[in-house]
Amino acid sequence: MFAGLPVLVNFAGTTAELVESEAVGVATDSGSAAALAKQIEHWADHPEERKATGAAARKLGMAKFSRKEIARELASVFSQVVAGSQGA
């Protein structure tokens, strides 16, 4: 994501759901080398789509997964834990 490239996921789960719902890449069939190769070839043949998808991936990565955002979320969790332990 942070490299500004589209995300290509070859397994099911929350990562695949995020990638597709945010339009930052594609989830291919798990274990299918052919599906993986087909998507890589697609992006090689469609540089403008690759660049746009990659830019969206970087934007999402910076918004949700930057060090600053992760630190903010972690501080919030710590605050909740401390507040909960003081009330016990």
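Helices here (H or I, at least four residues) and strands (E, at least two) are DSSP runs, numbered from the N terminus. Axes are lines fitted to C-alpha atoms, for helices over the stretch in contact, and angles run from 0 to 180 degrees between N-to-C directions.

A quick word on where the values come from. This is a predicted model, so to speak of a local feature takes pLDDT of at least 70, side-chain atom pairs count only at pLDDT 80 or more, and totals for chains, interfaces and linings use all residues. Residues are numbered from 1 along each chain as its sequence is written, and side-chain values use heavy atoms, with hydrogens and water left out.

## How the helices pack

Two packed helices are described by the angle between their axes and the distance between the axes. Let's start with H3 (residues 47-65) and H4 (residues 67-86), which pack at about 30 degrees with their axes 5 Å apart. That makes H3 and H4 roughly parallel to each other; the cut-offs are under 35 degrees for roughly parallel, over 145 for roughly antiparallel, 65 to 115 for roughly perpendicular, and oblique for the rest.

Which residues of H3 meet H4? On the H3 side they are Ala63, Lys64 and Phe65, and on the H4 side Arg67, Glu69, Ile70 and Glu73. Contact here means heavy atoms within 4.5 Å. Sorted by class, the residues of this H3 and H4 contact are three nonpolar, no polar and four charged. For these classes, Ala, Val, Leu, Ile, Met, Phe, Trp, Tyr, Cys and Pro count as nonpolar, Asp, Glu, Lys and Arg as charged, and the others, Gly among them, as polar.

Now for H2 and H3. Their axes are also given as 5 Å apart, with an angle of about 105 degrees, and H2 and H3 are therefore roughly perpendicular to each other. His42, Trp43, Ala44 and Asp45 of H2 make the contact with Pro47, Glu49, Arg50 and Thr53 of H3. By class, the H2 and H3 contact has three nonpolar, two polar and three charged residues.

## Salt bridges

Side chains of opposite charge can pair when their charged atoms come close. A salt bridge is a side-chain nitrogen of Lys or Arg within 4 Å of a carboxyl oxygen of Asp or Glu. How many salt bridges does that rule give? The count comes to two, and here they are.

| Salt bridge | N to O distance |
|---|---|
| Lys51 and Glu48 | 3.9 Å |
| Arg72 and Glu69 | 2.6 Å |

Lys51 and Glu48 are three residues apart in helix H3, so about one helical turn separates them. Arg72 and Glu69 are also three residues apart, both in helix H4, and that is about one turn of the helix.

Are the two Glu residues buried or exposed? Glu48 counts as exposed, at 58% relative accessibility, while Glu69 is buried, with a relative accessible area of 18%. The cut-offs are under 20% relative accessible area for buried, over 50% for exposed, and partly exposed in between (1.4 Å probe, protein chains only).

## Around Ser66

Ser66 sits in the loop between H3 and H4. At 13% relative accessibility, Ser66 counts as buried. Its side chain reaches the backbone nitrogen of Glu69 at 3.1 Å. If you leave aside neighbours within four places in sequence, Ser66 is in contact with Phe2 and Gly61.

## Other residues to look up

Gln39 is part of helix H2 (residues 33-45). Gln39 is buried, at 14% relative accessibility, and touches Leu8, Val26 and Thr28, not counting residues up to four places away in sequence.

Ala33, also in helix H2, is exposed with a relative accessible area of 60%. From Ala33 to Arg58 is 25 residues in sequence and 25 Å in space, C-alpha to C-alpha.

Ala12 belongs to the loop between strand E1 (7-9) and helix H1 (14-21), and is exposed, with a relative accessible area of 71%. Ala12 and Val24 are 12 residues apart in sequence, and their C-alpha atoms are 16 Å apart.

Ser76 is in helix H4 and counts as partly exposed, at 31% relative accessibility.

One last stop is Ala23, in the loop between H1 and strand E2 (25-27). Most residues other than glycine have a negative phi. Phi of Ala23 is near 55 degrees, a positive value in a residue other than glycine.

How values were computed: Polar contact = N/O pair within 3.5 Å; in protein donor to acceptor, adjacent residues only side chain to side chain.
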